[in-house]
Amino acid sequence: MSGRPVTSGEGAAVLACRLCSVSPVQAVIVAPVLAQLAEPVVAHFQDFGMLRGSVVRKLASGFVIDLELEDDGRARLAAKIRWKKIIVSRHTPDKREFKRVLPRHPRTVMTLGDGSTSPCFVIDISQSGVAVSASLVPGIGTPVAIGALLGRVVRHLEIGFAVAFLTVQPLELLEKLMAPKATRTMSAVAA
C-alpha cells in the first residue's frame, strides 16, 4: 500500500498489506496503518495488480476502499478474481520446513533492544520466524521482539523485513505469542 507521506521527503511509504476480500467494486484491506475516510489508497497485489481507490469505511485493523476503475478495468478485475478462485481450488503444497500462516490479527508491536516500541504488521509467521512490515526497519542482526517472540532481523524485504526466532516456537501458540502485550495480558486474565 502506498499513499502516506514519508517524513524524510522521499515520497510515499510502501508497506505490506493483506487483501481480505475483493470484488470489482470494493476491496477490504488489512494494513499496518489505519487510513482516514476519503484518503486515497494505491495498493499492489500480485494476483490482481494495482488497485486504486478511496477509503469509504474504517475497520479495527484496516479499511474498505471503493475501487476507481473504468468499465473495462472492472471486467478485467472480475476475470482475475474468477481465475484466482480456480487456482486456489488446485492448491499446491508448501515444501518449506515450517508452514507459514497468515495470522487472524496481524497488527502487533515490535520492541527493540533499547525498549522502544513500534507498531508493526505481520505479513506471515512460521514456527521459526516472521515476516514484518513497519515504518521502522531495523538493521540486519538487530535483536527484536515481535509481541513476545524474540529473534534477530535476518533479511530485508521489499515491503519489510524477516526475523528468525531464537528458538522454534509451538505452532498452536504463535498467534498468542505475537499478540501485543495488552492482548496477551487480557487473554491470560480471561483464562
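A: One term to begin with: a residue is called buried when its relative accessible area is under 20%, and exposed when it is over 50%, with partly exposed in between. On that basis, 37% of the 191 residues of the chain count as buried. Keep in mind that this is a predicted model.

Q: Okay. How many helices and strands does the chain have?

A: The chain has 3 helices and 11 strands.

Q: And in what order do the elements run from the N terminus?

A: From the N terminus on, the order is β-β-β-β-β-α-β-β-β-β-β-β-α-α.

Q: Let's take the sheets. Which strands form the open sheet, and in what order?

A: The open sheet has 5 strands in the order S1-S2-S5-S4-S3, and their pairing is antiparallel. Its edge strands are S1 (18-22) and S3, each of which pairs on one side only. On average, neighbouring strands in this sheet are turned by 40° against each other, ignoring direction.

Q: What holds paired strands together in general?

A: Strands of a sheet pair through backbone hydrogen bonds, and the pairing can be parallel or antiparallel.

Q: How many bridges join S1 to S2?

A: There are 4 bridges between S1 and S2, and the two strands run antiparallel. Arg18 stands opposite Val30 in S2, while Val22 has Ala27 in S2 as its bridge partner.

Q: Changing topic. What is the phi of Ala38?

A: Ala38 has a positive phi of about 70°, although Ala38 is not a glycine.

Q: Where is Ala38, then?

A: Ala38 lies in the loop between strand S2 (26-30) and strand S3 (40-45).

Q: Is Ala38 buried or exposed?

A: Ala38 counts as exposed, because its relative accessibility is 57%.

Q: On to the barrel. Which strands make it up?

A: The closed barrel has 6 strands, running S6-S7-S8-S11-S10-S9, with antiparallel pairing. From one strand to the next, the twist averages 45°.

Q: How many bridges join S9 to S10?

A: Strand S9 (residues 143-146) and strand S10 (residues 149-157) are joined by 4 bridges and run antiparallel. Val144 has Gly151 in S10 as its bridge partner.

Q: Let's pick a residue in S11. Is Val163 buried or exposed?

A: Val163, which is found in strand S11, counts as buried because its relative accessibility is 3%.

Q: Which residues is Val163 in contact with?

A: Leaving aside neighbours within four places in sequence, Val163 is in contact with Ser128, Gly129, Val130, Val144, Gly151, Arg152, Val153 and Val154. Take Arg152 from that list: Val163 and Arg152 are 11 residues apart in sequence, and 5.3 Å apart in space from C-alpha to C-alpha.

Q: Now a loop residue. Where is Ser126?

A: Ser126 sits in the loop between strand S7 (117-125) and strand S8 (129-133).

Q: Buried or exposed, Ser126?

A: Ser126 is buried, because its relative accessible area is 5%. Not counting residues up to four places away in sequence, Ser126 touches Phe98, Lys99, Arg100, Phe165 and Leu174.

Q: What about the surface? Which residues form the nonpolar patch?

A: Val14, Leu157 and Ile159 form that patch, with about 220 Å² of accessible area together. Ile159 is found in the loop between S10 and strand S11 (160-165). With a relative accessible area of 33%, Ile159 is partly exposed.

Q: Last one: what share of the contacts comes from residues 24 or more positions apart?

A: Among contacts in the chain with a separation of 6 or more, residues 24 or more positions apart account for 52%.

Terms used
Residues are numbered from 1 along each chain as its sequence is written. This is a predicted model: local features need pLDDT of at least 70, side-chain atom pairs count only at pLDDT 80 or more; totals for chains, interfaces and linings use all residues. Side-chain values use heavy atoms; hydrogens and water are left out. Two strands pair if DSSP finds at least two bridges between them. Axes are lines fitted to C-alpha atoms, for helices over the stretch in contact, and angles run from 0 to 180 degrees between N-to-C directions. Buried means under 20% relative accessible area, exposed over 50%, partly exposed in between (1.4 Å probe, protein chains only). Contact means heavy atoms within 4.5 Å. Patches are made of residues with over 30% relative accessible area and no salt bridge: like charges are joined within 9 Å, nonpolar side chains (Val, Leu, Ile, Met, Phe, Trp, Tyr) within 5 Å. Accessible areas come from the Shrake-Rupley method with a 1.4 Å probe; for residues, only the protein chains shown count as cover. A salt bridge is a side-chain nitrogen of Lys or Arg within 4 Å of a carboxyl oxygen of Asp or Glu.
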